Protein chains: 2
Amino acid sequence: MTEQAAPSAGSGSRGEREAGARGEPGAGDGAGDEPIAPERKVRHGAAAAGKPATIYDVAHAAGVSHQTVSRFLKGFAGIRPETRAKVERALAELDYRPNLTARSLTTGRSHRIGALTHDIDKYGPSKILGSAAAAARDAGYVLDIVTLDTTDAASIDEALAMIAEHDVEGVLALSSTDEMTHAFERIDFRVPAFVVTEPDEPSRVRSQLATEGMPALVAHLARLGHRRILFLAGPHHWSAARNRTRAIEAAAEALGLEVTGIIEGDWSAASGYAAIADLEDLDATAIVSANDQMALGAMLALSERGLAVPRDVSVTGIDDLPDAAFYTPPLTTLRMDLAGRGRAAFAELLSRIEGSAAHEPPAVQAELIVRQSTGPAPRRTPLDSQ
Amino acid sequence: MTEQAAPSAGSGSRGEREAGARGEPGAGDGAGDEPIAPERKVRHGAAAAGKPATIYDVAHAAGVSHQTVSRFLKGFAGIRPETRAKVERALAELDYRPNLTARSLTTGRSHRIGALTHDIDKYGPSKILGSAAAAARDAGYVLDIVTLDTTDAASIDEALAMIAEHDVEGVLALSSTDEMTHAFERIDFRVPAFVVTEPDEPSRVRSQLATEGMPALVAHLARLGHRRILFLAGPHHWSAARNRTRAIEAAAEALGLEVTGIIEGDWSAASGYAAIADLEDLDATAIVSANDQMALGAMLALSERGLAVPRDVSVTGIDDLPDAAFYTPPLTTLRMDLAGRGRAAFAELLSRIEGSAAHEPPAVQAELIVRQSTGPAPRRTPLDSQ
DNA sequence: AACGGCGATGTTACCGGTAATATCGGGAAG
DNA sequence: CTTCCCGATATTACCGGTAACATCGCCGTT
């Protein structure tokens, strides 16, 4: 009954093709109703219909006990060559594939990690997810992803409960909002679980953003003669946003520059556009945006107000999206090592899961990339009341 | 031994917090070495250490058989109110959570879908993935994602084998390259599996891109006086790229416009930039790009060649990325319903898995969004040898 | 020749659920 | 007052692996 019949046949849909139809009764060569396995050898003994072969089927075919098969699969050394050969042959003949579900029931190891996000289509989270997934794959794990539509607590709890039931060995959250953090505090996962976030001030991971990246960016602006900076911040309930805001405030203070204003956006280009379009006065010569996309929106708004970048105003982003090099003008930004973050997060989780020593957390890079959106500060601030 | 010790304690890392430490032996109240469950009531009977409660534990605590608990959990009606109450109490007291692994071993239903991609950080695949994951969640499924680093066959096979072993009920591929398609033809998943791709010409799903979207885009250009179009194509081994190329050729022919050239990129802004920067002659007044990002790169290259968009050349994209409205100038493009595609792909897979009737495939939208990157054609083609 | 030891393999138990079948007690029918 | 039936619940089997223990045959020892 869970056995599914051949699905809607003859859908001429190109590019969407069915792989592996179930076996169907055909002209058997043996007794009675012994069906044929799909385009393969006839199944042996007890192995019925299209169901996958188990170690018992293999054992029966090879004339050994199932435990011998299990040992073989685990790479156990002490098996006589002839026995080994029989098992190998049966394995191949039946096209055996281990049932991970059964295995994880006894071993308690599912090799699955839960990943949770509500912003998978944003570049940051999806980049982190991708690299975490790649790292996971290399370690023999897969990521179970569950997305949230909303940020409300009930929805998060529901999603987390779902993940918790799926027998994962660890949980990562990729959207480091406060709602997510609180949800993680509320829920008892019984397994290692944490919110992947930008290395923050009191972190073990040296926050290169705060110690080097942002100072380098601000120093770059200072060198160009800028003294007054407008900061387009990310949403305050994101820890990465607060982190970046703190970093620029510290860096500006250290270098004697003034942050004349902080406008909170939502990471989107639209919010960056709105921030600048709605501005009455712009009493700064440089705009630093907490991410590249808001910088993109800001640059459009500036040009619509008749201000040229970087002649009248310099603009920078943070992240270095692949596209940022092709904005008009190409964006000066801080390259964040998102892929490294994803890998590090998975590595950290793995070390907690497998109990191995948590190896040295790698310093996350934040490298200044200078392009054409920054230039010498103009004599006077562009929109200041003259 | 699979029981993991409390992981590296005292890591002051903020934002990364540990949820749910394992129970540890404490001052028991009963006989011998009965440990205490983490921050909760003392475990009952056989339930040892920090291990999660099973239905047997619950049954024992409630004084009924495990089967009664199972029936209760399945919402079976014929249970006496007092029995029901006992079970409910025990359930709550032990903080019971079902073990999906065990359940799926017997039922054969894992409620897990495999998702495969090597471009998770690209907007298209990640958007599709996100919406598919959301649809999956609503249906009680999770997506197991496995990423590929490369596009080579061996790597794909390995990843597919990994997915196949994880007992998924269906498989989706989100990068519709030929390599992926071929891999899907090679592998026998034993479950429904297909490559999510743009609805293509011979498809059941009406290809709105070909029938309405692209004609609308070309008509828009024709109305502005353009007669010669340069097309920036996607990589030829992507079915969506071929699809888009065919669509514009057909639309141009139908409206009597000429496609003067087709340059193949790799979807990236860098490739769009290179395509235009390397061009000797530009004997077209409009550039249509197979995606928005290549259009972005193309616009930068144009401006570096001293050509203004749209005064000298009109540019369009396809996709309507959220950022496209904030390019300089804002990009005229075809809005593709990627989220709808993801939902539809999951719905299709679900209907195959659950054997329900494949409901009417929804027409996928491709809507023309006119912005400022297109304008009246100039008198003469900009870079033509004069 | 009897025996301890050990390598190779077989048998049984168990993981935590669900499905199928068995049992038990009480009310209606004869 | 029995008998039968049926609803409520308990028992047992099973899913496909792994772990622990049992068995068997052959070897070298004394």
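**Group meeting: the surface near DNA strand C**

Hi everyone, let me start with helix 4 of chain B, which gives the largest share of the surface near DNA strand C, namely five residues. Please keep in mind that this is a predicted model.

So where does the rest come from? Helix 2 (66-73) and helix 4 (100-107) of chain A each supply at least two residues of that surface, and so do helix 1 (55-62), helix 2 and helix 4 (100-107) of chain B. In total, 27 residues surround DNA strand C, and the closest are A:Thr83, B:Gln67, B:Ser70, B:Lys74 and B:Thr106. By class, the residues of this surface split into 14 polar, eight nonpolar and five charged.

Now to the DNA side. At B:Ile55, a polar backbone atom lies 2.8 Å from a phosphate oxygen. And for the bases, a side-chain N or O atom of B:Gln67 sits 2.5 Å from a base nitrogen.

Let me finish with helix packing in chain B. Helix 2 (residues 66-73) packs on helix 3 (residues 81-94) at about 90°, with the axes 10 Å apart, which means that these two helices of chain B are roughly perpendicular. Helix 2 of chain B brings B:Thr68, B:Val69, B:Phe72 and B:Leu73 to the contact, while helix 3 of chain B brings B:Thr83, B:Arg84, B:Val87, B:Glu88 and B:Leu91. That contact has five nonpolar, two polar and two charged residues.

Definitions and conventions
Residues numbered from 1 in each chain as written. Chains lettered and ligands numbered in written order. Predicted model: local features only at pLDDT ≥ 70, side-chain atom pairs only at ≥ 80, totals over all residues. Heavy atoms only, no water. Axes fitted to C-alpha atoms, helices over the stretch in contact; angles between N-to-C directions. Helix = DSSP H or I, 4+ residues; strand = E, 2+ residues; numbered from the N terminus. Parallel < 35°, antiparallel > 145°, perpendicular 65-115°, else oblique. Contact = heavy atoms within 4.5 Å. Nonpolar A, V, L, I, M, F, W, Y, C, P; charged D, E, K, R; others polar. Near = heavy atom within 4 Å. Polar contact = N/O pair within 3.5 Å; in protein donor to acceptor, adjacent residues only side chain to side chain.
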